[in-house]
Each structure stands twice: as C-alpha cells, then as structure tokens.
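Visitor: Could you walk me through this fold, one feature at a time?

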Amino acid sequence: TFDGRSLWSTGGDNVIYQLHVGCQASIRVQGDVKAPGSTMVVRVHIAHNRPKTVTVPWEMTLIDAQGRVVAKHTTQPHTFEPGDVVDKDVEFRLPEDLASGTYTVRLAISGRAGTKGATTTVRVVQPE
C-alpha cells in the first residue's frame with residue numbers, strides 16, 4: 001500500500017515494513033520540434049515524499065551534444081510540504097542563434113539531497 005509518502009508492506013512474515021519512496025521528478029517537452037528563439041513548454045512533475053518542508057528553486061538547463069550548457073532557466077523558490085505533488089508547465093525560451101540538433105533538457109532541484117533531477121531531449125530545427 002502507498003500512502004503518498006511511504007510504501008507499506010507486510011513482507012509475508014507478519015511484520016509491517018515502512019519503505020520511504022524518496023522524491024520523484026520528471027519532465028516532458030510539449031511538441032516534437034522547436035525553432036531557435038521559440039518558447040518551449042516543459043511539463044514538470046515533482047513529488048515531495050520526504051517528511052520535512054523545503055523551499056527550493058528549480059533549474060532547467062539546455063545542453064548541446066558536446067555537453068555544454070547553452071541556456072539556463074531558474075524558477076522562483078517553491079515550498080514543498082510533505083506529500084506535495086506539483087505538475088506545472090514552465091516556459092523556457094530557446095536562444096535565437098541555436099543550431100539545429102538534438103539537445104538535452106535537464107531539471108535540477110537545489111537543496112534536495114538524494115533527489116535525482118530529470119532529463120529529456122528536444123529537437124531544434126532551423127526554419128527554412
């Protein structure tokens with residue numbers, strides 16, 4: 001059984017175990033192809049499954065095929081109460097001079113030790 005914060009199991013031995021699930025994060029870019037200078041919408045999902053309240057900013061970076069950060073977007077700090085789930089669309093403007101190619105979008109969450117961020121890819125194509 002999952003109560004929003006912990007997974008509870010009997011384990012088959014007449015003992016109840018509480019398993020902490022940790023926080024989860026995922027991102028998804030809306031639409032398949034983007035043009036340089038356009039604004040992409042990134043759907044962010046964060047589930048705060050820890051027992052403490054934290055206030056942290058999120059940072060999204062756009063990374064090229066060589067691993068270089070070519071753009072960055074940081075949100076205002078958000079306060080997460082235990083059990084909070086946030087599903088939010090965040091706008092991220094792409095640089096005007098961005099070359100065509102496939103880029104990685106990475107979400108990092110400051111101050112959340114042990115919480116992995118999330119990544120996805122986006123394809124950028126110069127308009128003809």
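Visitor: How many helices and strands are in the protein chain?

Guide: Helices (H or I, at least four residues) and strands (E, at least two) are DSSP runs, numbered from the N terminus. Here the protein chain has 0 helices and 12 strands. This is a predicted model, where local features need pLDDT of at least 70, side-chain atom pairs count only at pLDDT 80 or more, and totals for chains, interfaces and linings use all residues. Residues are numbered from 1 along each chain as its sequence is written, and side-chain values use heavy atoms, with hydrogens and water left out.

Visitor: Which strands form the open sheet with antiparallel pairing?

Guide: Two strands pair if DSSP finds at least two bridges between them. In this case 3 strands build an open sheet, ordered β3-β5-β10, with antiparallel pairing. Each of β3 (24–29) and β10 (85–93) has a single partner strand and stands at an edge, so one side of each is left without a neighbour in the sheet. On average, neighbouring strands here are turned by 20° against each other, direction ignored; the axes behind such angles are lines fitted to C-alpha atoms, for helices over the stretch in contact, and angles run from 0 to 180 degrees between N-to-C directions.

Visitor: What joins β3 to β5?

Guide: The antiparallel strands β3 and β5 (residues 39–47) are joined by 6 bridges. As a spot to look at, V29 stands opposite V42 in β5.

Visitor: And which strands form the sheet with mixed pairing?

Guide: That open sheet has 5 strands in the order β4-β12-β11-β7-β8. Its edges are β4 (33–34) and β8 (69–74), each with a single partner strand, so one side of each has no neighbour in the sheet. Within it, 7 bridges connect β11 (residues 101–109) with β12 (residues 118–124), and these two run antiparallel. G101 faces V124 of β12 there, standing opposite it.

Visitor: Which residues form an aromatic pair?

Guide: Rings of Phe, Tyr and Trp (its six-membered ring) pair if their centres lie within 6.5 Å; planes under 30 degrees apart count as stacked, over 60 as edge-to-face and the rest as tilted. The count comes to 1 aromatic pair. W58 and F80 form it, tilted, at 6.4 Å centre to centre with 35° between the planes. The pair links distant parts of the chain, with W58 in β7 (residues 58–63) and F80 in β9 (residues 78–80), 22 residues apart.

Visitor: Are W58 and F80 buried or exposed?

Guide: Buried means under 20% relative accessible area, exposed over 50%, partly exposed in between (1.4 Å probe, protein chains only). Both W58 and F80 are buried. Of the chain's 128 residues, 33% count as buried.
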